[in-house]
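Reader: I've got a model open and a few things to ask. Could you walk me through it?

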Amino acid sequence: MDMVTIDDIRAAATRIHAFVVRTPLLPTLWADADRPLWIKPENLQPIGAFKVRGAFSAIGSLDESVRTRGVVAYSSGNHAQAVAYAAAVYGIPATIVMPKETPAVKVDATRSHGADVVLCDAGQRERVAAEVLEQTGGVLVPPFDHPDIIAGQGTIGLEIAEDLPAVENVLVPVSGGGLASGIGTAIKALCPRARVFGVEPELAADTAEALAKGHRVDWPIEDRNRTIADGLRSQPSELTFAHLQRVLDGIITVSEGEIESAVRELANRAHLVSEPSGAVALAAYRQGQTPPGRTVMVLSGGNIDPRALNDILEG
C-alpha cells in the first residue's frame, strides 16, 4: 500500500503554494486554562474548506497532456467545489457528481466555478462517476482515496507543526479519512510527542467502530445521512483506514446537540462561520476528554446554508 510520507506532504506544499491560503493559528481567549486552544480556520480558504488543498495537489501532479482531458469528481459538496475551482484555475473541464440531498449552497457554488454538475441518488456517487468517466475520458480526482489528496490535506499538519512546534493535542474531523490521514502523518513526523484525535458524529461513527474492531465496517448510507454534519457521511477507504490506524491516538464521537452548540460558539466567540462538519473538533474539545496541553482544532469548512445557520444560531 502506498503510504504517504512527510516528504510527500512537503512536495504537495510546494505544488499548492500559489493557490491556497496558509491559514493562521488563531488563539482563543475563552478556552480552558489547562488546555489552551488554537483554531486552524480552513473555512478561510477560497472555496470555504480544506478540500482545496487536496484538489490542487492531485490536479497539479498530473502530466499536462493528461490534465487537459479534464477531471471528474464525486462529492457531497466541499470536494466538489475544490475540484471545480482548481479545474477553473488550470483552465480544464470538470464534471462533478453530487448526491441529490447535497445542500443547494454547495451545488450552486460548484456550478459557479464552471463545472458541470450531475445529481444522483444517495449511495450512487461512485457508480455514476464511473459512467461519467467513460463518457468524458477525464481523470478521476477522488475525495480522499488517493496519496496526492492525502498529501495535500497533510499540508495543514505541516503548517500546524511549523507555527506551534510545542502542540500537544490536535483534533481533526473524520469522514473518508483523507484529512486526518494527512494531518496525522505530518504531526507524527514533525511533533512525535503530540497526540492526534479524530472526531466524528455519533450518528456516523463508523470509523470509531472500525478502529475498535481493527477492520473497516460498513454503515448503511441511510444511517450515516442522519447526521447534520453532511460533510462527514463518507467512510474510510482501505488506504485512509491504514493511515488512521497508524496516526490516530484516539477517536471522539459527538452528538448532534454538541455539534450545533459548537457552531454557535464559533460564531459568537471566535467570530467564525462553521458548517456542522467543521465544528465537530470544538464539540470534542468541549467534552473535555482530551488530555491537558496545547490543543489545535481544525475547523475544516464553513459552507453552510444561511437558513440552516440561522436555525442553529437561534436554537
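Reader: Where does Ser-61 sit, in terms of the helices around it?

Author: Quick caveat: this is a predicted model, where local features need pLDDT of at least 70, side-chain atom pairs count only at pLDDT 80 or more, and totals for chains, interfaces and linings use all residues. Residues are numbered from 1 along each chain as its sequence is written, and side-chain values use heavy atoms, leaving out hydrogens and water. Helices are DSSP runs (H or I, at least four residues), numbered from the N terminus. Ser-61 is in the loop between helix H2 (51-60) and helix H3 (64-67).

Reader: And which residues does Ser-61 touch, skipping those up to four places away in sequence?

Author: Contact here means heavy atoms within 4.5 Å. With that rule, Ser-61 touches Arg-15 and Asp-148.

Reader: Is Ser-61 buried, exposed or partly exposed?

Author: Buried means under 20% relative accessible area, exposed over 50%, and partly exposed in between (1.4 Å probe, protein chains only). Ser-61 has a relative accessible area of 31%, so the label is partly exposed.

Reader: How far is Ser-61 from Ala-11 in space, C-alpha to C-alpha?

Author: In sequence, Ser-61 and Ala-11 are 50 residues apart. In space, their C-alpha atoms are separated by 9.9 Å.

Reader: Which helix gives the most to the lining of the largest cavity?

Author: A cavity is a set of points on a 1 Å grid over the protein atoms alone where a 1.4 Å probe fits but cannot get out, and lining residues have an atom within 4 Å of a point. Helix H4 (78-90) and helix H8 (178-190) each supply at least two lining residues. The top contributor, with three residues, is H8.
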